[in-house]
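Subject: Handing over the model, with notes

Dear colleague,

I am passing on the structure we spoke about, together with my notes on it. Please read the notes with the model open beside them.

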Amino acid sequence: MDKNVPMSESWIAALVMTAILTLGGFISFIADVSLWSLLAFAGYTTLLVSMIMRKRGVAAFVGVGILTLVAIISFFLGFPAHLYHNIEGKLNFLALIPALINVLTYVLLLFVVDSSFTKFLPIDRKLFKKLWFSPAVCVVVSIVVAFIVYLLSNIIGLGGYWFGYISYFGGVIVIIGQIFSILYFLAVGFWVAYPAGTGKLDAIKAKHAEKEPKAEKRHNDYEGNGYIGMVKHCLLLAFTFGIWYYIWIYKVTKFLNQVEGEKYRDPVKTILLCLFIPLYVVFWTYKSAERVDELAGLCRVRSNITVISTVFAMVYILSAVIIQDKINEIAESI
């Protein structure tokens, strides 16, 4: 159901950036009349209209849904355009990874919008509303992975990759575009989660603190229960080049050994296996999320994160955020 929301910093930021992308979509459509450019323009236009009318409902969902479709179409158009091939015409499978992460960016944004606006999809709405920043994280991960793939492709001779378009269009323009994408997904995600802006958010926090004056004190006791502040966790995941992720694996493995009836896992051996055994981290994510669900049930906390954590295991920041968020919820319930 559509809901009017007041003007706010998040609304203004999302509106301005969507307007810029809508204008860009219109120019692209005029320059190259195609179904792809038409859908992209239609998606941004629909989302822009939703923002101008300040309606949080079907229009926003449809707009993001169209953009998600465009991302999927773009992924498949990359094959005939040879964006994932070397100069000899052979497919570089590594090049598919960042391209798929780009598709995941829009899928996650669609989930975030649905969790707050429409509730059409069978998803954990509470979880995805907390993950409003996840599309922006995907953009960052996609850029990092693309650069690594580009380097590997040249080092081991796999050949060309679309990240090489930096050399054709100019590095500065590409970097500005990527920064804009990160800021855009942050702005839209924040608008979806907090339509009234930061002022309203601060007021809610203050009101909550008045009702539960002892809550802040309790957080000092969480550390022994696996609790890690989410802001600290996300920053360390994003800016330590994977180092914190393996430290976190050690901590979580050690913490989840307390689950009765489960086989003991040595934290040090677990880190080594995750480092040197391909895809072992996916198995670790699955088993750890499974134990979190089991522990949550014992603490009477609703949890069903096994599937979604495993699906996002290769995008390690997202799976780490999902699992740690649930561990924090369990810690707070004790």
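Residues are numbered from 1 along each chain as its sequence is written, and side-chain values use heavy atoms, with hydrogens and water left out.

The chain as a whole

The secondary structure of the protein chain consists of 16 helices and zero strands, where helices (H or I, at least four residues) and strands (E, at least two) are DSSP runs numbered from the N terminus. Of the 334 residues in the protein chain, 45% are buried; here buried means under 20% relative accessible area, exposed means over 50%, and partly exposed lies in between, with a 1.4 Å probe and protein chains only. Among the contacts in the protein chain with a separation of 6 or more, 69% are between residues 24 or more positions apart, a contact being heavy atoms within 4.5 Å.

Confidence

The mean pLDDT of the protein chain is 80, with 81% of its residues at 70 or more; pLDDT is the predictor's confidence in each residue, from 0 to 100. In the protein chain, confidence is highest in α14, at 93, and lowest in helix α10 (residues 215–218), at a mean of 40. Two stretches call for caution: pLDDT stays under 50 over residues 159–170, for which the model has 31 contacts beyond four places in sequence, and pLDDT also stays under 50 over residues 198–223, for which the model has 13 such contacts. Where pLDDT is low, the predicted coordinates should not be read in detail.

Helix packing

Two packed helices are described by the angle between their axes and the distance between the axes. Axes here are lines fitted to C-alpha atoms, for helices over the stretch in contact, and angles run from 0 to 180 degrees between N-to-C directions. Angles under 35 degrees count as roughly parallel, over 145 as roughly antiparallel, 65 to 115 as roughly perpendicular and the rest as oblique.

The axes of helix α13 (residues 267–276) and helix α14 (residues 280–298) come within 7 Å and cross at roughly 135 degrees, and α13 and α14 are therefore oblique to each other. Thr270, Leu273 and Cys274 of α13 make this contact with Tyr280, Val281 and Trp284 of α14. By class, the residues of the contact of α13 with α14 are five nonpolar, one polar and no charged, with Ala, Val, Leu, Ile, Met, Phe, Trp, Tyr, Cys and Pro counted as nonpolar, Asp, Glu, Lys and Arg as charged, and the others, Gly among them, as polar.

The axes of α14 and helix α16 (residues 316–333) come within 10 Å and cross at roughly 20 degrees, so α14 and α16 are roughly parallel to each other. In this contact, Thr285, Ala289, Val292, Leu295 and Ala296 of α14 meet Ser319, Ile323, Lys326, Ile327 and Ile330 of α16, and the residues divide into seven nonpolar, two polar and one charged.

For helix α11 (residues 230–239) and helix α12 (residues 243–256), the axes come within 6 Å and cross at roughly 130 degrees, which makes α11 oblique to α12. His233, Leu236 and Leu237 in α11 meet Trp244, Tyr245 and Trp248 in α12, a contact with five nonpolar, one polar and no charged residues.

Single residues

Aspartate 325 is placed in helix α16 and, at 14% relative accessibility, counts as buried. Not counting residues up to four places away in sequence, aspartate 325 touches Leu127, Lys130 and Met230.

Arginine 125 lies in helix α5 (residues 125–130) and counts as partly exposed at 30% relative accessibility. Beyond four places in sequence, arginine 125 touches Ser115 and Lys119; arginine 125 and serine 115 are 10 residues apart in sequence and 4.4 Å apart in space, C-alpha to C-alpha.

Most residues other than glycine have a negative phi. Leucine 279, in the loop between α13 and α14, has a positive phi of about 65 degrees and counts as exposed, at 59% relative accessibility.

With best wishes
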